[in-house]
Amino acid sequence: MAFLMSVSFNQLMKGLGQKPLYTYLIAGGDRSVVASREGTEDSALHGIEELKKVTAGKKRVIVIGISVGLSAPFVAGQMDFCMNNSDIFLPVLVGFNPVNMARNDPIEDWNSTFREIAQRMQKLQEKQKAFVLNPAIGPEGLSGSSRMKGGSATKILLETLLLAAHHTVERDVGARRSCLLEILRTFERAHKVTYSQGPKIATLMKQASTSLQKKGRVYLVGWQTLGIIAIMDGVECIHTFGADFQDVRGFLIGDHSDMFNQKEEIVAQGPQFSFSQEDFLTSILPSLTEKDTVLFIFTLDDNLMEVETLVEQVKKKTPNIQALAHSTVGQSLPSSLKKLFPSMISITWPLLFFDYAGNFIQKFQRELSTKWVLNTVSTGAHVLCGKILHNHMVDLRLRNSKLFWRGLAMLQRFSEQPKAQCIESLLKAIHFPQELSEEIREAPISHHIQVAHEKEQVIPIALLTLLFRCSIPEAEAHLAAAPSVCEAIRNALLRAGRKRHADSFDTLKSTTG
């Protein structure tokens, strides 16, 4: 989200003839924009060093730290550093938990917890030397999946504030509550317009699920910043659902030369970092099969001849193509392009008569609408593939300390075994086939995460060893024999006498079915 907003607001400033002032920081650098690198957010020192690099020589800097659950050490370290250097920095923390529910586990390379830092910021807020923006939005429908409501709320909140700030500067007027409400209501309308397409979104979700169940791929091909939304959605599936990086992938069609801080980090760095139009044409298009699904995401302001040419090329490889097309009242899709799609989600937006800065509202609406559609499609597809138990991401990958503790909590919940026993089973699954020594047991969490980083099905394997009281190879055999991860766990819950959990699974399955 920081990357997306930096791109958008720098574009706005250039259009006004002003010097771009926005810079983004992301744990793991530019590679994290196009590939999953979750573990890099666990270092407070890394966050501080990255902040120092981009602010060297600056006299006044507003630092907006985004951590939806108020948990990321990368952000915590930056907020702490800013408070200790308040002559230059104004820290703003954005998240959606109460401060008293911020993460309170020790940070390995820092002397404060996230909660302690957030509490200190709350006290400084009285003097306007720090701000905590943490409105309550309620729990995620999919437990812990902050890419959904949390990600959307981050986008709405910050775009509203920043756009209103530009409005007040441009017109040399004071900040008005009515301006904020006016912008917020445009996002409210975006919600209504988007979900009026519910049946077509459901059809796309089922098509994506069918491709994944047949071991095919889902490709999200977006123009301009809609391509960034597509990339984000694909990357998030890796750690959220334990997906392979090739399962759901986003591609950006259009010029991205001035988007990244260090483009050399991601260009020609291997297939996992492929994201451009050239990458799609050279690496993906030749290998497309009829099992794959390709979704084209564009507006009628984009180069429709370019869209049509690419659709025609893809259609020769797979019949499973769909479109998410954004238009404004009065625009219509050329018939030659429309007839290429067997199904299309067409969203028409009303005309908005704003000044230059205000015109960005429609851009933000289209991005948010696209995010909602893609989040629904990729989440629903993985639910239908049996990746979700109740509303828990039971096949997530342990790529940072937050996910390690979340995985442990799931083991305790479903096995009803003591914490110590669950930790033992989890560590065995992580380090298998290596035997657990005292040295391994006493190692810091970061060591276990480093080992678990590329391992698949760690949580399901650990859970089955607890439920069946079996070895890891036996647990792996149970998983291999089941049609899905959740079906394997459901059978284990029934055999272990955990009927309450299994019944809950049946209820969910009938609801989603």
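Q: What does "buried" mean for a residue in this predicted model?

A: A residue counts as buried when its relative accessible area is under 20%. In this predicted model, the buried residues of helix H4 are Pro-73, Phe-74, Val-75, Ala-76, Gly-77, Gln-78, Met-79, Asp-80, Phe-81, Cys-82 and Met-83.

Q: How much of the chain counts as buried?

A: The figure is 54% of the 513 residues. The chain holds 21 helices and 8 strands. Among its contacts with a separation of 6 or more, 72% are between residues 24 or more positions apart.

Q: What makes Lys-206 exposed?

A: The cut-off for exposed is over 50% relative accessible area. Lys-206 has 53%, so the residue is exposed. You can find Lys-206 in helix H8, residues 198–213. The C-alpha atoms of Lys-206 and Gly-380 are 7.9 Å from each other, although 174 residues separate the two along the chain.

Q: Why is H9 called roughly parallel to H13?

A: Helix H9 (residues 225–241) packs with helix H13 (residues 360–384) at an angle of about 30 degrees, and their axes are 9 Å apart. Angles under 35 degrees count as roughly parallel, so H9 is roughly parallel to H13. Their crossing is right-handed.

Q: Which residues make the contact of H9 with H13?

A: H9 brings Thr-225, Leu-226, Ile-229, Ala-230, Asp-233, Glu-236, Cys-237 and Phe-241. From H13 come residues including Lys-363, Arg-366, Glu-367, Leu-374 and His-382. By type, the residues of this contact divide into 6 nonpolar, 6 polar and 6 charged.

Q: How do you know that the span of helix H11 is close to the expected one?

A: The expected span is 1.5 Å times one less than the number of residues. H11 (residues 304–315) has 12 residues, and the expected value is 16 Å; from first C-alpha to last, the helix reaches 16 Å, close to that expectation.

Q: Which residues of H11 are buried, and what do they pack against?

A: Leu-304, Val-307, Glu-308, Leu-310, Val-311 and Val-314 are the buried residues of H11. Their packing partners include strand E4 (218–223), strand E5 (248–253), helix H10 (277–284) and strand E6 (293–299).

Definitions and conventions:
Residues are numbered from 1 along each chain as its sequence is written. This is a predicted model: local features need pLDDT of at least 70, side-chain atom pairs count only at pLDDT 80 or more; totals for chains, interfaces and linings use all residues. Side-chain values use heavy atoms; hydrogens and water are left out. Axes are lines fitted to C-alpha atoms, for helices over the stretch in contact, and angles run from 0 to 180 degrees between N-to-C directions. Helices (H or I, at least four residues) and strands (E, at least two) are DSSP runs, numbered from the N terminus. Angles under 35 degrees count as roughly parallel, over 145 as roughly antiparallel, 65 to 115 as roughly perpendicular and the rest as oblique. A crossing is left-handed if the near helix is turned anticlockwise from the far one by less than a right angle, and right-handed if clockwise. Contact means heavy atoms within 4.5 Å. Ala, Val, Leu, Ile, Met, Phe, Trp, Tyr, Cys and Pro count as nonpolar, Asp, Glu, Lys and Arg as charged, and the others, Gly among them, as polar. Buried means under 20% relative accessible area, exposed over 50%, partly exposed in between (1.4 Å probe, protein chains only).
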